[in-house]
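I open this notebook to set down what I looked up in one structure. The entries are brief and follow the order of my reading.

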Amino acid sequence: MSQLTRKDFQTNQEIRWCPGCGDYAILASMQKVLPELGIAREKVVFISGIGCSSRFPYYMNTYGFHTIHGRAPAIATGLKLTRPDLQVWVVTGDGDALSIGGNHLIHVLRRNVDVKILLFNNRIYGLTKGQYSPTSEAGKKAKSTPYGSIDAPFDPIRLALGAGASFVARSIDVEAAHLQGVLHRMASHRGAALVEIFQNCNVFNDGAFVTLTEKASKARSQLHLEHGKPLVFEDGKKGIRLNGLEPEIVPVGDGGVPESELLVWDEKAQPALAFLLAGMGPAFPTPIGIFRAEERAVHHELDEALQRRVTETLGDGDLEKLLGTGDTWTVP
């Protein structure tokens, strides 16, 4: 196979996202990463539900499905079971995945279906022009909540960890190098891999993540999770250590604590540690990176093993015989 380039994964479709939308940056990162994976285009499939992000398959020169609201994980599961040789990506948004599609999402994660899920989180319904979403902050004033939302927001990271996902990560649309690094790790992971991508909707929720992306504030607002390294931020001047079961921010170095007292990140540790970091309050920096990476049996391989065991015991199946067995009725 000849070496592919980003251009090979671009299509001639008119991109129908608003100018300045964060989706463009995510699309560019995906199109840059795919040629580096060395996988033929006909072996890659993108499956989406409904929403702005779900137009993604039109802009990828691979196979793809633009399916129904919230059901992309279910369709991806069926495809992976029948064609385990394909690399399957799911593209979804906070409204699509965490509202109508919430049930499908948690089950694709607990089953460890070998799919890669890009969850664009802009904390708003953009396609339907500005209603609050499951990840909108409490008090959010939007077209559907003119006096402020009274609902507590979903945290996609904690939801995925609770569902038993074997790979959970977070990145940001405009942090191209970081996002591409996470996409590489997802591509090589065997099992359900989810990345929450903070994505700016510059029309209906502009600036939702501005403290994480502005040059003046990002150093004190981003906490990079790197396996085997201590948790530091603000150019290494501050760090996170545990005080009992509570995280605390401490100064590091001259006048502060030695780096040896800081919490060292372990992406393979029990999920409780990842829960703790994901749930740190607004006084703390926001963790980005890989919260969890665990190797365990994948769904289609378990299914194949089950089929072999049953066939060895009962022989090859006979669908016609099965349909005519047990209680049957003749409809006049």
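The entries below record my look-ups on this model.

**Ground rules.** I note that this is a predicted model, in which local features need pLDDT of at least 70, side-chain atom pairs count only at pLDDT 80 or more, and totals for chains, interfaces and linings use all residues. Residues are numbered from 1 along each chain as its sequence is written, and side-chain values use heavy atoms, with hydrogens and water left out.

**Helix H2.** I took helices and strands as DSSP runs numbered from the N terminus (helices H or I, at least four residues; strands E, at least two). I call a residue buried under 20% relative accessible area, exposed over 50%, and partly exposed in between (1.4 Å probe, protein chains only). In H2, residues 72-82, I found Ala72, Pro73, Ala76, Thr77, Leu79 and Lys80 buried. These buried residues pack against several elements, among them strand S1 (44-48), helix H4 (102-110) and helix H10 (299-314); contact here means heavy atoms within 4.5 Å.

**Ile68.** I located Ile68 in the loop between S2 and H2. Ile68 counts as exposed, at 55% relative accessibility.

**A sheet.** I counted strands as paired if DSSP finds at least two bridges between them. Three strands form an open, antiparallel sheet in the order S8-S9-S10. Strand S8 (232-233) and strand S10 (246-251) each have a single partner strand, so one side of each lacks a neighbour in the sheet. S8 pairs with strand S9 (residues 238-243) over two bridges, and Phe233 has Lys238 as its bridge partner in S9.

**Cysteines.** I searched for disulfides (cysteine sulfur atoms within 2.5 Å) and found zero. The closest cysteine sulfur to that of Cys18 is in Cys21, at 6.4 Å, too far for a bond. For Cys52 the closest is also in Cys21, at 6.5 Å, again too far.

**Salt bridges.** I required a side-chain nitrogen of Lys or Arg within 4 Å of a carboxyl oxygen of Asp or Glu; the count comes to 17 salt bridges. Arg170 and Glu196 form one of them, their closest N and O atoms being 2.8 Å apart. This pair links distant parts of the chain, with Arg170 in strand S5 and Glu196 in strand S6, 26 residues apart. Arg170 is buried at 5% relative accessibility, and Glu196 is buried at 2%. I also noted Glu261 with Arg241, at 2.5 Å from N to O. Glu261 lies in the loop between S10 and helix H9 (271-278), and Arg241 lies in S9, 20 residues apart.
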